[in-house]
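I opened this entry to keep track of what I looked up in the structure. The notes follow the order in which I went through the chains.

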Amino acid sequence: MTRDTRIQIDKSKQSHRKKIFLSNKLSVVGATIVFVFILIAILGPLLAPIPPDEINYHSILNSPSRAHYFGTDRYGRDLFSRVIYGARTSLSIGFIVVIFSTLLGLAIGTVSGYLGGNIDNFIMRFVDLLMAFPSVIVAMVLATIMGGGIKTLIIAMLVSSWTGTARIARGETLSLKQSGYVTATRGIGGKWSYILFYHILPNVLPPVLVSSTLSFGNVILNTAGLSFIGIGVQPPISEWGLIISEGRQYIVSGQWWLVFFPGLAIMLTVMGLNLLGDGLRDIFDPRQRR
Amino acid sequence: MNRLLSVNNLNVVFNTFDGVSRVLRDISLEVGECESLGIVGETGSGKSVLSQSIMGILPVPGKIISGSIFFKGENLLSLSSKKMGKIRGAGLSMILQSPMTSLNPLFKVKEQMIEVLKTHSRLNNKEAVYRAEELLRIVRVPEAKSVLERYPFELSGGMAQRVMIAMAVSCNPALIIADEPTTALDVTVEKQIIKLMRDIMRRFNSSLIWISHDLDVVKQVCGKIAVMYGGIIVEIGSTEDILSQPLHPYTRALMDSQPSVSKRGRPLQSIEGFVPNMLNIPDGCIFDCRCLEKSGDCCQGTPPALVELDNGRRVACRKYL
Amino acid sequence: MNFSRYLLKRVVFMLLVLIGASIVAFILVRVVPGDPARMLLPPQAKQEDVDRVRIKMGLDRPYIKQYLNYLKSLLEGDLGFSYHTGRTVVEEFKLRLPATIELSLLSLGFAALVGVWLGIISAVHKNGLIDHASRLFSIGGISAPGFWIGLLCIYIFYYKLSWVPAPTGRLSLTKEVVAGGSGFLLFDALKNGDWDLFKDAFMHLLLPVLVLSYSFLAMICRLTRAGMIEVSQQDYIKFAKSCGVKTNKIIWKYSLKNGIKPVLTMLGMFLAQLIGGVVFIETVFNWPGIGRYAVDSINFLDYGPIQGFIIFMALIYVLINLAVDLIYMAIDPRIQY
């Protein structure tokens, strides 16, 4: 069995895909937004004019100005810097969760789909069960056992996100399993590991990539939400949801910037990821095109 | 003679992501009252697009850019969609290829049939149900009453096709377009449906356009045949004329490739090559690259137009200019 | 014959989930470092109280006996004690459930009606102005965090425009809940003909319901649109059109029933997400419902209600699953058991 028999990635197919992606303006917008935020996260310390945890009792709750682009919070900390550092927090947590949950979901999903039968049924029932529990609840339960904090947050979100990937991977594997070339390969004595890596994985990856991009957005939302209610990231780390919860009580007295800017950051990032994911979906699965 | 349906120089394009696909070019044909026309062509020749254009249900990337379609004296292309809606199903109706997907799976047969009846008539529910039952009997569906209460997935392919036929004739259409109605059915059922369609034509005094890729089937039902290839009509004439004396090289190749008892023992003929890409129509004769009878470069340059010969025959081949 | 087998499978599944939840709740207090008995009591509890609880929980007995004990108390309807409020968990649930249900049902109902309608219009007028507008609107709903939108709305509509009352929960501070009523304020107020109360409750409900429904509206709109577009390409719609069935009927009767499938498929997931969303909205608007109660319990480390929540969530999950299955069966005649 030579390498040539594995699925060739057509050169013209790749450039065709790039063409479709670039022509979809929204996808390009999404990709740009994501790229910008990643840049912000990486270059954080260079972009932030003032350290995010520098307390300054002389400028408490200042509205946005030339000195403080986004204003200051109740401790006088510069909101602009805090939002920038928040990008680092959210994106790094997001990356960790998404990478590990994708790996886990891929592994379990493909194996389950490949093995089929009762094992597959059992695993999928379990996945269904897990999927039905809102990640918030899972996070809350874990928080009571392990206390709040980043570690709990990551584990909680990992537990909730791998299921989506697993489902998709399993679905693709199942349909591939029944396709001609897998049966044929097994018929001429191909080993299961070969089939898995050279035939199934390349076909499973595109939809998984799409769903992982979309779930990245979800992870960011969840991180913000859980930090908002107090069981995610703990102060004094800068995290968008946390900043919002700290600024929450001031909204009824008119200090809107504490809530507005971090939330705007969340929305833009998630929107970028959603648009990017949709764009990827368009190039990989024309059937689902709008 | 006043023609029931007359298509004149119809041009249809599809605006795709990769360019403009000229799917139908200069199509002209007529169908008289109580006449049956067969349209024969392989996949990609444009036959379904033609039927959809006549019915006015061409899906969005498709556009009729020029030409006219006269039905009972009216140009269908100039009608408002409301008026066209009144004609569809009543004056003009269509039968599709796959009966199992053409009936809405979530609604009972009864509901779908009376919906059509009530759209085009003033029948109330009870009367419509009665008429539906009657129609099912006409199309020879056994146990009509119980079939009415069933869902489409509970019917066999042949029965579903009959239900579709019943719905298509429910309002006494003057013209029925059957788009590959037997392609998805097995041979015995096919024979029954062919016989049924002939009876329906007689009983309802309607004309019929039968679209198929199978010359054999078409010749059993139709008095006239039009052969399509690559978006144009290459030959049109009465069935006996075409069968006894096919003029266009494509028609001849098509007939040669039909298996028959007289060719026993010899290898099956096929037509070499592929249907041309509609995005990039070559200059000259559309059949050029597959034609076995071309002489020299007879088929470069402008494509040969449909030339009228005697007794209503028309061919699009330079040989007959 | 087949239906009773299906019923049996369902019941077994439900029991398994509930038992699983009870095991998780049971383990919860024993896995956390510290004395389980002390955890169920306020931090300043006296040693004798702790000892009493120890005996009641049977902490010196083998685990199996403890679990069976716990199971027994569950079946008797004892979900534990909530020390940060001073009432039993069951009492708290009874008090707070109507608030959450009122909020959730109205939100989901609103999201479903408007979302489906918008989705259909977007699909029918594909790539038109409404389609693009609703797409932008949808993307916002899915990308923006609910609690942020809630806070911004409070700022705009309460602080700046004064169109809605302050977020003090279900009612203004001067009003009181109808004594002995069902707990569903709109219904109680109507029943008693108390127009003032109705208006007050309504105005307080307005913003939370709109904000909570936003993300669902967005999702339902997109799903409906996708479903309707897919249906419009089906053969049976082509055939219906060729039979002359009027466009309105084709859209609202024939396409809708088929096109709404993706929404129903996600219904279970929606309800799960709704529960998550409720937590945030209740926190932002100071709504006296179960969501906020859960958050408070965690922040106070009040383990009694947390245990109760796990059981409760399992119950809800199981009921939702059943309801979705039944809805499916009602709509699609192809599904048989």
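**Chain B, overall**

Among the contacts in chain B between residues at least 6 apart in sequence, 63% join residues at least 24 apart. I note here that this is a predicted model.

I then looked up the elements of chain B and found eleven helices and twelve strands. The radius of gyration of chain B is 20 Å, close to the 20 Å that the globule rule gives for 321 residues, so chain B is as compact as a globular protein of that length. Taken along the principal axes, the box filled by its C-alpha atoms is roughly 70 × 50 × 45 Å. I also checked burial: 43% of the 321 residues of chain B count as buried.

**A sheet in chain B**

Next I followed one sheet. It is an open sheet of four strands in chain B, in the order β2-β1-β4-β5, and the pairing is antiparallel. Which strands sit at the edges? They are β2 (19-31) and β5 (74-75) of chain B, each of which pairs on one side only.

I took β1(B), residues 5-16, and went through its partners. With β2(B), β1(B) pairs in the antiparallel sense over nine bridges. A hairpin of two residues joins β1(B) to β2(B). I noted two positions along this pair. V7(B) has L29(B) as its bridge partner in β2(B), and L10(B) stands opposite I27(B) in β2(B).

β1(B) is also joined to β4(B), residues 62-71, by eight bridges, and these two strands run antiparallel. For this pair I noted F14(B), whose bridge partner in β4(B) is G62(B). As a reminder to myself, strands of a sheet pair through backbone hydrogen bonds, either parallel or antiparallel.

**One helix in chain A**

In chain A I checked the length of helix α6(A), residues 150-177. At 1.5 Å a residue, its 28 residues should span 40 Å, and the end C-alpha atoms are 40 Å apart, which agrees. Where does α6(A) bend? I found a bend of about 25° at V159(A).

**Chain C against chain A**

I turned to the contacts of chain C. The contact with chain A takes 33 residues from chain C and 33 residues from chain A. On the chain C side, the elements that give two or more residues are α1 (2-31), α6 (129-143), α7 (146-160), α13 (267-285), α14 (290-300) and α15 (303-331) of chain C. Of these, α13(C) gives the most, with eight residues. I sorted the residues of this side by type and got 27 nonpolar, six polar and no charged.

**Chain C against chain B**

How many residues of chain C are in contact with chain B? I noted 17 residues of chain C, in contact with 25 residues of chain B. On this side of chain C, the elements that give two or more residues are α10 (235-242) and α11 (247-259). The largest share, six residues, comes from α10(C). By type, the residues of the side of chain C that touches chain B divide into six nonpolar, four polar and seven charged.

Methods: Residues are numbered from 1 along each chain as its sequence is written. Chains are lettered from A and ligands numbered from 1 in the order in which they are written. This is a predicted model: local features need pLDDT of at least 70, side-chain atom pairs count only at pLDDT 80 or more; totals for chains, interfaces and linings use all residues. Two residues are in contact if their C-beta atoms, placed from the backbone, lie within 7 Å. Ala, Val, Leu, Ile, Met, Phe, Trp, Tyr, Cys and Pro count as nonpolar, Asp, Glu, Lys and Arg as charged, and the others, Gly among them, as polar. Two strands pair if DSSP finds at least two bridges between them. The expected span of a helix is 1.5 Å times one less than its number of residues. The bend at a residue is the angle between axes fitted to the seven residues ending there and the seven starting there. The radius of gyration is taken over C-alpha atoms; the globule rule is 2.2 Å times the number of residues to the power 0.38. A residue is buried if 20 or more other C-beta atoms lie within 10 Å of its own, exposed if 12 or fewer, and partly exposed in between; C-beta atoms are placed from the backbone.
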